[in-house]
Amino acid sequence: MTFSETQKFDIRILWCMRAALLLTLLGLGFAAISVGDPVARLIIAMTALICVPLFLILDLSSLKSELDAEGIHLNFRPFTKKYFAWSDVQSAEIVNYGFVGGWGIRIGTKYGTVYNTQGKEGLWLTLKNGKKVVIGTQRKAAMQAAVKRFFG
């Protein structure tokens with residue numbers, strides 16, 4: 001038996017980001033039209049060209065974590081794929097890491113690299129090579145049971 005969890009970014013946050021972008025673009029658009037400023041039009045176009053693909057990537061992103069007898073499989077689509085063998089793990093515990101500056105991949109936190117899409121709890125691994133990693137979870141109890149079964 002394995003533990004498996006797939007998470008996505010909170011849709012409410014994505015819709016708030018879209019609304020904020022749309023309001024900003026509308027405001028800049030009205031200002032550019034009323035003033036006739038070509039620089040403002042260029043800023044609007046550049047903002048749209050950057051933000052639209054970013055939102056598509058966030059919509060398609062998912063964090064899949066699997067724990068089995070061999071180790072931990074992490075697939076943060078489309079960004080990275082990792083595997084941590086239990087034999088390479090020094091310690092593993094479920095922690096409340098709080099807010100580490102946002103969601104996604106956070107590097108350089110006191111917990112090491114954090115992979116999360118929402119929430120503030122996850123599996124904190126300290127590897128034998130000294131690296132630290134947190135894998136976010138929305139299923140704390142089930143993940144804890146899997147760690148106890150496979151690692152503990």
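I began with the surface: I13, M17, F99 and W103 form a nonpolar patch with about 370 Å² of accessible area together. Patch members have over 30% relative accessible area and no salt bridge, and nonpolar side chains (Val, Leu, Ile, Met, Phe, Trp, Tyr) are joined within 5 Å. A salt bridge would be a side-chain nitrogen of Lys or Arg within 4 Å of a carboxyl oxygen of Asp or Glu. Areas are Shrake-Rupley values with a 1.4 Å probe.

This is a predicted model, where local features need pLDDT of at least 70 and side-chain atom pairs count only at pLDDT 80 or more. Residues are numbered from 1 along each chain, and side-chain values use heavy atoms.

I looked up F99 next. F99 lies in the loop between β5 (89-96) and β6 (104-109); strands are DSSP E runs of at least two residues. F99 counts as exposed because its relative accessibility is 59% (exposed is over 50%, buried under 20%).

Then I checked β7 (residues 112-116). Five of its five residues are buried, so β7 is largely enclosed by the rest of the structure. β6 and β7 run antiparallel, joined by four bridges (pairing takes at least two DSSP bridges). A hairpin of two residues connects β6 to β7. I105 is opposite Y115 in β7. On β9 (residues 132-136), β7 pairs in the parallel sense over three bridges, with V114 opposite V134.

Last, I traced the open sheet: four strands in the order β1-β2-β3-β4, with antiparallel pairing. Its edge strands are β1 (3-7) and β4 (80-85). Five bridges join β1 to β2 (residues 62-67), and K64 in β2 is the bridge partner of T6.

Note on methods: Patch = residues over 30% accessible without salt bridge, like charges linked within 9 Å, V, L, I, M, F, W, Y side chains within 5 Å. Buried < 20%, exposed > 50% of the residue type's maximum accessible area, 1.4 Å probe, protein only.
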